[in-house]
Number of protein chains: 2
Amino acid sequence: GKELIQAKHTYFHSERLEAFCDAVLAIVATILITPLKLSSEQMQKYTIEDNLYNKPEFIIRFILFISGFFFIVSAWDRHMKIFYIYPVADNFILWLNIIFLLACSVIPLCFTLLHLIGAISSVLVILFVPTLLMALAQSCQILYSNWSRHSLPSHIHSELFGRTIIGFRVASYLFAPLLLLMAPVILYIDSPYRVFISSIFVGNALLFGDKYVNVCESFYSNYRKFRYRDYTYQLKIRKFRAAVTKSRVEFFTDGIFAIVATIIILDTTTEITNKVDLNDDYLSLAEDMNVNAYAILYESRFTILSYVNSFLIVCLFWFVNHSIFHYIHHMTRLMNVLNTFAQLFVCIIPFCANIMVGYANKVGDDSLTVVITLYCTNLFIIGMMQIILWMLVRFGDR
Amino acid sequence: GKELIQAKHTYFHSERLEAFCDAVLAIVATILITPLKLSSEQMQKYTIEDNLYNKPEFIIRFILFISGFFFIVSAWDRHMKIFYIYPVADNFILWLNIIFLLACSVIPLCFTLLHLIGAISSVLVILFVPTLLMALAQSCQILYSNWSRHSLPSHIHSELFGRTIIGFRVASYLFAPLLLLMAPVILYIDSPYRVFISSIFVGNALLFGDKYVNVCESFYSNYRKFRYRDYTYQLKIRKFRAAVTKSRVEFFTDGIFAIVATIIILDTTTEITNKVDLNDDYLSLAEDMNVNAYAILYESRFTILSYVNSFLIVCLFWFVNHSIFHYIHHMTRLMNVLNTFAQLFVCIIPFCANIMVGYANKVGDDSLTVVITLYCTNLFIIGMMQIILWMLVRFGDR
């Protein structure tokens, strides 16, 4: 259909737009770990137990990271589904996507505020704004795509969906920001449980945002099935829910692996810059440093070794993932979910590398043992996820 | 050919490996701008002219950035050519690529050292190591791919190349590290011009590394043409040199756009973290900060506005690029070069955003005017490159 698309200048196939969105979303999901990192002062002062276990704040912040990750992933999942059903874009859809991506990329900033000053009303209102923007952009896109399908060339795959299906979609997109808006409202109520109730609302909004509406829709479809013997509705919603595009899952996964593998070198670069760039005039150091370029590298040898180590580990896991995906003929929803969980733990690798470097040259406590145990547990979990995924592909495909 | 590839487990199509390499290389090319950034103290102390124009160091560092960028791009270009000729990979090639990527991703670290302490012998030796590793990995890959082509299924496109062609390829890969090795050697010679000569060697190694060998090969092919009337050699080397895969150029371009668009939010996150995280205990601030979450955002309003601004500009340029590539049927070498130059200036956008934020709230000098002029000039150059690319696609294709 290339000729027709090129004849009507306003429409184009959306592969490259999808790849661009996948890349940006993968970067956003990976950046979310940044505020969890410990500064070198924190690591020098306290043992790893003091920094992680004994402070309830860290657990809360870790849960925050997980919910943020799944929030971004579910936005990506919706994005994939919309483009699966309507694989043609025009300029308006493109701009909607840019607004969507802009709002998405502000999420790490909001999460940094959440990490630093906690879930207080002002922060929650700030978090609400990009969430609403994302939901509005996606709602507009699905409404517009469904409305403009008549103007598309007929041979391009585009389903006809009724008001109810599209209505449920829009409702599910808008439900997360609505839930999130409840949280700051509740904080104004004069009750001793307000913080607790409010944080439940935040967690539900981020983790299960659209799931509630989907459950309602299932009830509705079952009602139609038993009341009017209307089986088509259930088939239609299954089209929306089970839609998984293998190439897009691969793109998103590749993006996360590539960024996790290289983001550690960015930290290393910054660390070395800070170490050398203590006074202002750049090159006056040159004479003193002549013998010391190796010394600088030697001083940050743990950082560099840890970088090489993490890079090779990430590449190894990428290779395993690549080999598994090589055998997938038909990607199912369950495989996608398992793969996403594996990605979550891949995103934690930069954090593990950060604490390993921080405690590598600290003597006096057994923090390093704990850190290495944590690192290895993380790698073990990723490995287990890959094995389960592999078994699913190998034996579940029959 | 999917069945045959799957029957012989050891070989696989390399699309995903190529996409992963493109992503990592795009990140590496984008990170190179990091050491150029000015710290907020430097911007508070000096005017923009003092920071940029009046210091010869900045010009040198800027030239360094450009040569680093082109060094990474030429490594990517060679990578694209090898996979264009041999589009099938196996485990050995995959591991060679991982070593190649690891060496590539260490380049920004070496460049940071170059930026901070200048081109002294120890830094040059440190830069030589990853450069050599990259060249060795690519040499091994081309030798192995050419050698193992007999074991491939016959229907998979794989050219038969003689020793001379492959020899020239390997020589051109290894020439850049050899030139680079000359630079520290020259520094030990007792001559007043040693620094000058040495930096010429560095610049040549980074910018024109493999071009010299290619010129030699052209002479050789002309010699064969006139001496033995052997025209096939010229055709064969053209296959290697003119090979441009449109999809890979798109991937690399998308990668650079996606990272440039989002890397600024990473800086913003770090900045806000530093602003709030002044004392150690995380959540003790919560009470004081309750009214101040908006205040924090207001304080860094320039950073956030500049982020939104840069994001929209980058997306706009991505859109223009996307529209131009939509009309490209056959990608030529010249288009690729023009596109690469446009990418160079896209990579400078984070630097422009950095200085714009730094001088946004500084009163007393007219630095902001200079900064905005610089930013706009940069955008103008990107725009002009896109227009030239567009004219080339529109009128050169006939």
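**Group meeting: the A–B pair and its cavities**

Okay, let's start inside: 20 residues line the largest cavity, and nearest its centre are Ala23(A), Gly255(A), Ala19(B), Ala23(B) and Gly255(B). Quick housekeeping: this is a predicted model, where local features need pLDDT of at least 70, side-chain atom pairs count only at pLDDT 80 or more, and totals for chains, interfaces and linings use all residues. Residues are numbered from 1 along each chain as its sequence is written, chains are lettered from A and ligands numbered from 1 in the order written, and side-chain values use heavy atoms, without hydrogens and water.

A cavity here is a set of points on a 1 Å grid over the protein atoms alone where a 1.4 Å probe fits but cannot get out, and a lining residue has an atom within 4 Å of a point. That largest one has a volume of about 250 Å³, the space filled by probe spheres set on the points, which are joined across faces, edges and corners. We get 8 cavities of 30 Å³ or more.

Now, the interface. In contact (heavy atoms within 4.5 Å) are 86 residues of chain A and 86 of chain B. Together the chains bury about 8300 Å², 72% of it on carbon and sulfur atoms; that's accessible area, 1.4 Å probe, lost on being put together and summed over both.

There are 2 salt bridges across the interface, meaning a side-chain nitrogen of Lys or Arg within 4 Å of a carboxyl oxygen of Asp or Glu. One joins Asp254(A) to Arg16(B), at 2.8 Å, N to O.

Notes
Buried area = accessible area lost by both parts, 1.4 Å probe. 1 Å grid on protein atoms, 1.4 Å probe; cavity = no way out; pocket = protein on both sides within 12 Å on 5 of 7 lines; lining within 4 Å.
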